[in-house]
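Colleague: Please take me through one part of this model in close detail. I would like a single connected account, with the packing around it.

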Amino acid sequence: MTVESTAARTTRRSAGTTGGTAGKRTTAKSTAAKKPAAAKKSPSGEPELVQLLTPEGKRVKSAAYDKYVTGITPEDLRGLYRDMVLTRRFDAEATSLQRQGELGLWASLLGQEAAQIGSGRATREDDYVFPTYREHGVAWCRGVDPTNLLGMFRGVNNGGWDPNSNNFHLYTIVIGSQTLHATGYAMGVAKDGADSAVIAYFGDGASSQGDVAESFTFSAVYNAPVVFFCQNNQWAISEPTERQTRVPLYQRAQGYGFPGVRVDGNDVLACLAVTRWALERARGGEGPTLVEAYTYRMGAHTTSDDPSKYRADEEREAWEAKDPILRLRRYLEASNHADEGFFAELEAESEALGKRVREAVRAMPDPDHFAIFENVYADGHALVDEERAQFAAYQASFADGEGA
C-alpha cells in the first residue's frame, strides 16, 4: 500500500496533463511546442533563470512559460506544497533511520524538493521516468511506496517495485548510465508511434560522464522524445560545478543541436512549467531537451559524507533564504490560497508519515542469507556451490557457539 492517497494520485494525473490527446507522434517538423524565446541576459552577461516565483514568494510573469501553468488552481498549489512537505519529512526520517543504524546509507534530497516535485508532476502516467538514486520526490509523484526506497538502502530488496507498474525505473547507482537507458527507451517509443515521452534525471557530476555525452549524441541524431533533467545542486560530492565546466550546463545542449534551458530549481512552478514545455515538444516529435534545474544540495552527498570539509557555512545560509517550501508557503499565504488549518493538518499528516515509515522499516524481514548465491550463473557452478557450503558452515557455527 502506498502512502500517497488516491486523491493525490488523481491530482498528479490532472497536474501532469497539458491537454494533449493520445495519438501518433508527429514528425520533427511539428510546431506543437515551439521553443520559447531565450532568457534575457543579466547586466553581467550571465543568462537569467526561468523563474515564476521569487524567493520572497512573489509571482513573476513569463510570456514564454505562463501558459504552461495557466490552469493551476489553488487546490493544485496546495497539492504541490503538500508534496514537497511530505517528501522532505520522509527524507528527514530516512536520514534519522540511517543515523540510528536502520539503513546502510541514504542520499538526501534536502533542498531539491521543488525541482523533483515540479518536474515529476509535469509527467503523464504514460511517460517513463529514469531516476538516479536521489529522486525520492519524483518517486512520490509516480506513486512508488517510499518504504520500497528504504528497503533498498536497508539491503532487504533490490529496488522493491515493478518499474512498469508506475513507469518509474529502478534507482541507478552507476553515475549517468540511466541516460543511455532513457535514450534507448525513447527511441523505441518513437518507433512505436506513441505520443508519450521519457525523462532522465541526473546531477551536475554525472554531466561529466561519457554515458551522458553519448546519450546526447544518440538522442539528437535519432530525434528521441527524451528530456534530460539535470539537477545542478552545485556539488558533485566535493567538486564544485566550476571544476567541471566553463559554461552553464544547459548550454552544452547547443553543441548537440537541441535546446537547453536553465530554470530556478527552487521554484516549483517554474520547474513544472519548463518540464511541461520540454515534455510537450518531445511528444510532438521535436526531439530532446536539456533542462538544468539550478538548485542546491542542502545536506550531505550521502550520509557517509561531511560537507563541512569542503564548503562554507555562508554558502548554505545564502541558499537557505531561497528554500523552495518556504517560497511557496509565502505565495499561498499572500494569495489567501491556504489558511492555518491547512498547514496544521499537513503538519499532522507529516508526522504520521514519519511514524508510518519508521515502523515499516523496522518491521521489514531480514533477507535470506543464502539469496546472494542465487542467479549468479544460469545453470549453476561448482565454485558457487562450494562457497554456499562454506557460508552455511560459517552460519551454523554461530548456532553451535563456535563463531562467538
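Modeller: Contact here means heavy atoms within 4.5 Å. Keep in mind that this is a predicted model.

Start with helix α5, residues 146–154. Seven of its nine residues are buried, so α5 is largely enclosed by the rest of the structure. Buried means under 20% relative accessible area. The buried residues are Pro146, Thr147, Leu149, Leu150, Gly151, Met152 and Phe153. What covers them includes three helices: α2, α4 (136–141) and α12 (340–362). After α5 comes Gly155. The phi of Gly155 is positive, near 90°.

Now follow one of those covering helices, α2. Helix α2 spans residues 74–99 and packs against helix α11, residues 324–334. The angle between them is about 150°, and their axes lie 10 Å apart. Angles over 145 degrees count as roughly antiparallel. That makes α2 roughly antiparallel to α11. The crossing of the two helices is left-handed.

The residues in this contact can be listed from each side. From α2 come Leu77, Arg78, Leu80, Tyr81, Met84, Val85 and Arg88. They meet Pro324, Ile325, Leu328, Arg329, Tyr331 and Leu332 of α11. By class, the contact has ten nonpolar residues and three charged ones. It has no polar residues. An α-helix has 3.6 residues a turn, so residues three or four places apart point the same way.

Aromatic pairs come next. A search of the whole structure finds 28 of them. Take Phe168 and Tyr171: their ring centres are 6.3 Å apart and their planes lie at 65°, so the pair is edge-to-face. The cut-off for that class is over 60 degrees. Phe168 is buried, at a relative accessible area of 0%. Tyr171 also counts as buried, with 8% relative accessibility.

Tyr256 and Phe258 make another aromatic pair, and this one is tilted. The centres are 6.3 Å apart, with 35° between the planes. Tyr256 is partly exposed, with a relative accessible area of 30%. Phe258 is buried, at 6%.

Helix α2 in turn packs with α11.

Key:
Residues are numbered from 1 along each chain as its sequence is written. This is a predicted model: local features need pLDDT of at least 70, side-chain atom pairs count only at pLDDT 80 or more; totals for chains, interfaces and linings use all residues. Side-chain values use heavy atoms; hydrogens and water are left out. Axes are lines fitted to C-alpha atoms, for helices over the stretch in contact, and angles run from 0 to 180 degrees between N-to-C directions. Helices (H or I, at least four residues) and strands (E, at least two) are DSSP runs, numbered from the N terminus. Angles under 35 degrees count as roughly parallel, over 145 as roughly antiparallel, 65 to 115 as roughly perpendicular and the rest as oblique. A crossing is left-handed if the near helix is turned anticlockwise from the far one by less than a right angle, and right-handed if clockwise. Ala, Val, Leu, Ile, Met, Phe, Trp, Tyr, Cys and Pro count as nonpolar, Asp, Glu, Lys and Arg as charged, and the others, Gly among them, as polar. Rings of Phe, Tyr and Trp (its six-membered ring) pair if their centres lie within 6.5 Å; planes under 30 degrees apart count as stacked, over 60 as edge-to-face and the rest as tilted. Buried means under 20% relative accessible area, exposed over 50%, partly exposed in between (1.4 Å probe, protein chains only).
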